[in-house]
Structures are given as C-alpha cells and as structure tokens.
Amino acid sequence: MVAPMFTAPEAQVSHGVLIPKGKMAMLSSISVLVISGVPEHRDMLVAGISSIGPQPICCATCESAAELLGQHPFSIVFCDYLLPDGTFWTVMNHAARCGIPTPVIVTSRRNDWDLFLKALNAGAFDYIALPPMPGEVER
C-alpha cells in the first residue's frame, strides 16, 4: 500500500492514496503525480500546480511511484532528482519498461546546468530548479 503524502480533511482514499474529493474524475483527464521525499519541495510544487487546477497526488519514493504509475494514467510527473530509494532515472526506467509514456519533469534545489543537461539527456521532459519561479510550474 502506498503511504500518501497529501493529507487534507476533504480527501478520500483510492487504492491506498489520498485524493481530494471531487478530483477523482480529473484522473481520467488531467492528473499530476509529484514524487518528492522532501516535504518542502513537495509543498512548493503542490501549491504551484494546485493554483492552476489539478490537485496532484503525492508520494515520496521510487517504490510508491512505481505502484501509482501502474494504477493511474498520469498526464505528467514532477520528480525530485534524488529520492530516498533512488533517483528520477529509476522512475523513468520503470515507466519505460512498463510502456508508460508519461512525461517527467525533474526538480531539484540545485540550479545547476549540468544537472539540467543530465536530466534532459536521460529523457526528462524538463527540469525545474526549486523554488520554482512564478509561472514556471504552469509553463
């Protein structure tokens, strides 16, 4: 069972994950997964994403991300460069092996050109340095 990171009184449980009530229908249209073992990173991304519409589903590890990716068709994934049990590359490899074409945006506290290039060369859709600039998550 996935240990959810997002907790809110107006949430419901689906497949062991807390999902905001009224957002279940959005999973079939626009759904966002945020993978971060750092609560501050997760909170920054959730705030930015939620401000433009979808309430993301969150998890903290590669293992829980693999489970979620197998259960839900996500429109996009925001994934920390480093996770407690791996890296964004672990998540992307799992998605590729399972035939899951979800684009992954890599996030990191380091605004480092080399990390940016490594992420893109590894197949990431984009790279965002945290904290994100206003409007960067929307882009």
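**Reading the fold**

Mentor: Helix 3 (residues 88–97) lies across strand 3, strand 5 and strand 8, and runs at about 150° to strand 5. Helices (H or I, at least four residues) and strands (E, at least two) are DSSP runs numbered from the N terminus. Angles, from 0 to 180 degrees, are taken between N-to-C directions, with axes as lines fitted to C-alpha atoms, for helices over the stretch in contact. Contact means heavy atoms within 4.5 Å.

Trainee: On what basis are such values given?

Mentor: This is a predicted model, in which local features need pLDDT of at least 70 and side-chain atom pairs count only at pLDDT 80 or more, while totals for chains, interfaces and linings use all residues. Residues are numbered from 1 along each chain as its sequence is written, and side-chain values use heavy atoms, with hydrogens and water left out.

Trainee: How many helices and strands does the protein have?

Mentor: There are four helices and nine strands. Along the sequence they follow the pattern β-β-β-α-β-α-β-β-β-α-β-α-β.

Trainee: In what order do the strands of the open sheet lie?

Mentor: Two strands pair if DSSP finds at least two bridges between them. Here five strands form an open sheet in the order 4-3-5-8-9, with parallel pairing. Strand 4 (57–59) and strand 9 (126–129) are the edge strands, each pairing on one side only. From one strand to the next, the twist averages 20°.

Trainee: Which strands pair with strand 3?

Mentor: Strand 3 pairs with strand 5 over four bridges, in the parallel sense, and Leu 33 stands opposite Val 77 there. Strand 3 also pairs with strand 4 in the parallel sense, over three bridges, where Ile 35 stands opposite Cys 59. Further along the sheet, four bridges join strand 5 (residues 76–80) to strand 8 (residues 104–108); the bridge partner of Phe 78 in strand 8 is Ile 105.

Trainee: What handedness does the unit of strand 3, helix 1 and strand 4 have?

Mentor: A crossover is right-handed if, with the strands pointing away from the viewer, the path from the first strand over the helix to the second runs clockwise. Strand 3, helix 1 and strand 4 make a right-handed β-α-β unit. Helix 1 (residues 39–50) runs at about 160° to strand 3 (32–35).

Trainee: Which residues touch the most other members of the largest nonpolar core?

Mentor: In soluble globular proteins, nonpolar side chains tend to be buried together. A nonpolar core is a set of buried Ala, Val, Leu, Ile, Met, Phe, Trp, Tyr and Cys residues joined through side-chain atoms within 4.5 Å. Of the 25 residues in the largest core, those touching the most other members are Leu 33, Ile 35, Val 77, Cys 79, Val 91 and Val 106. A second, separate core of eleven residues includes Cys 58, Ile 76, Phe 78 and Ile 105.

Terms used: Buried means under 20% relative accessible area, exposed over 50%, partly exposed in between (1.4 Å probe, protein chains only).
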